[in-house]
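The following report describes a protein chain and its ligand. It begins with the overall fold and then turns to the sheet, the loops and the ligand shell.

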Amino acid sequence: MAAATLNIDNKTALLVVDVQNDFMPNGPLAVPQGNEVIPVINRIAAHFHQVVITQDWHPAGHLSFSSAHPDCQDYQTITMPYGPQCLWPEHCIQGSKGAELAEGLAIPHARLILRKGIHREIDSYSAFLEADRRTATGLLAWLQAHDIHQVVVVGLATDFCVGWTAIDAAKAGLSTWVVEDACRAIDLNGSLSRAKQAMQEAGVKFITAAHLHHHS
Ligand code: VGL
Ligand code: ZN
């Protein structure tokens, strides 16, 4: 079978996921080499008319923080009403320096900045649907309003917010691509290989930045 090729048209959107200070190498929830995606994403973004940027944007005391649960530790999984939840160091608190887009991310033509994880009691790795799998962020409606049929997902982290966003995009019927070298993973207890498999099963396609440039 021939590899699928990506044709970037006006109805294709780039989704730049959670490239924020707190996920950079010195941040509280550092994604290894997370800073390396910045120049790659800046270059890619120039090829898109439609760019959406997301920010993880938690209120203080968010229930995804281990600090909100007495006797719990970072990276421990607990059961929330909506299912399992990994507990994280405090990160991306609304209005904080750590929640700002990472320095050097330069996409002035980005059109929508979507903030997610805003409900204290529900996490949201996906930019489409919160962790209760019912509460919509409004991103799908926005994309539909602009007739967008295809999305290209980049950013942090491959195995959490990028993965869940890509899977929900594919499930919504969008042609969905992940640019592998424009993402970095946290890779917690095999989470990266699990996320890749789940993306594949959902029909997400993978590409590299060089290949994407070639086809644009
Ligand atoms: C993320 C863990 C917690 C991410 C956000 O952006 O991948 N991961 N919050
Ligand atoms: Zn978060």
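Which pattern does the protein chain follow when read along the sequence? In this predicted model, the protein chain reads β-α-β-β-β-β-α-β-α-β-α-β-α along its sequence, and it has 5 helices and 8 strands. The radius of gyration is 16 Å, close to the 17 Å that the globule rule gives for 216 residues, so the protein chain is as compact as a globular protein of that length. Along the principal axes, its C-alpha trace spans about 50 × 35 × 35 Å.

The UniProt record, an unreviewed entry, carries the annotation "domain: Isochorismatase-like" for residues 12–210.

An open sheet of 6 strands, with parallel pairing, runs in the order S5-S2-S1-S6-S7-S8. Strand S5 (112–116) and strand S8 (205–207) stand at the edges of this sheet, and because each has a single partner strand, one side of each is left without a neighbour in the sheet. Neighbouring strands are turned against each other by 25 degrees on average, if direction is ignored. Helix H1 (residues 37–45) packs on the sheet, where it touches S1, S2, strand S6 (150–156) and strand S7 (175–184), and the direction of H1 makes about 140 degrees with that of S7.

Apart from the pairing of S1 with S2, the model contains a pairing of S3 with S4, and a hairpin joins S3 to S4 through 2 residues. The table sets these two pairings side by side, with one bridge taken from each.

| Strands | Sense | Bridges | One bridge pair |
|---|---|---|---|
| S1 (residues 12–17) and S2 (residues 50–56) | parallel | 5 bridges | Ala13 and Gln50 |
| S3 (residues 77–80) and S4 (residues 83–86) | antiparallel | 4 bridges | Ile78 and Gln85 |

**Backbone details in two loops**

The peptide bond from Leu156 to Ala157 is cis, with omega near -15 degrees, and Ala157 has its place in the loop between S6 and helix H3 (158–171). In the loop between S7 and helix H4 (191–202) lies Asp187, a residue that has a positive phi of about 55 degrees although it is not a glycine.

**The ligand shell**

Which residues surround ligand 1? The shell consists of Asp18, Asp56, Trp88, Tyr125, Leu156, Ala157, Phe160 and Cys161, and these residues divide into 6 nonpolar, no polar and 2 charged. Leu156 and Ala157, which belong to this shell, are also the two residues joined by the cis peptide bond. Asp56, another member of the shell, falls within strand S2 (residues 50–56), the strand that pairs with S1 in the parallel sense.

Technical notes. Residues numbered from 1 in each chain as written. Chains lettered and ligands numbered in written order. Predicted model: local features only at pLDDT ≥ 70, side-chain atom pairs only at ≥ 80, totals over all residues. Near = placed C-beta within 6 Å. Nonpolar A, V, L, I, M, F, W, Y, C, P; charged D, E, K, R; others polar. Pairing = 2+ DSSP bridges. Axes fitted to C-alpha atoms, helices over the stretch in contact; angles between N-to-C directions. Contact = placed C-beta atoms within 7 Å. UniProt positions renumbered as here; feature names shortened; annotations may be inferred. Rg over C-alpha atoms; globule rule 2.2 N^0.38 Å.
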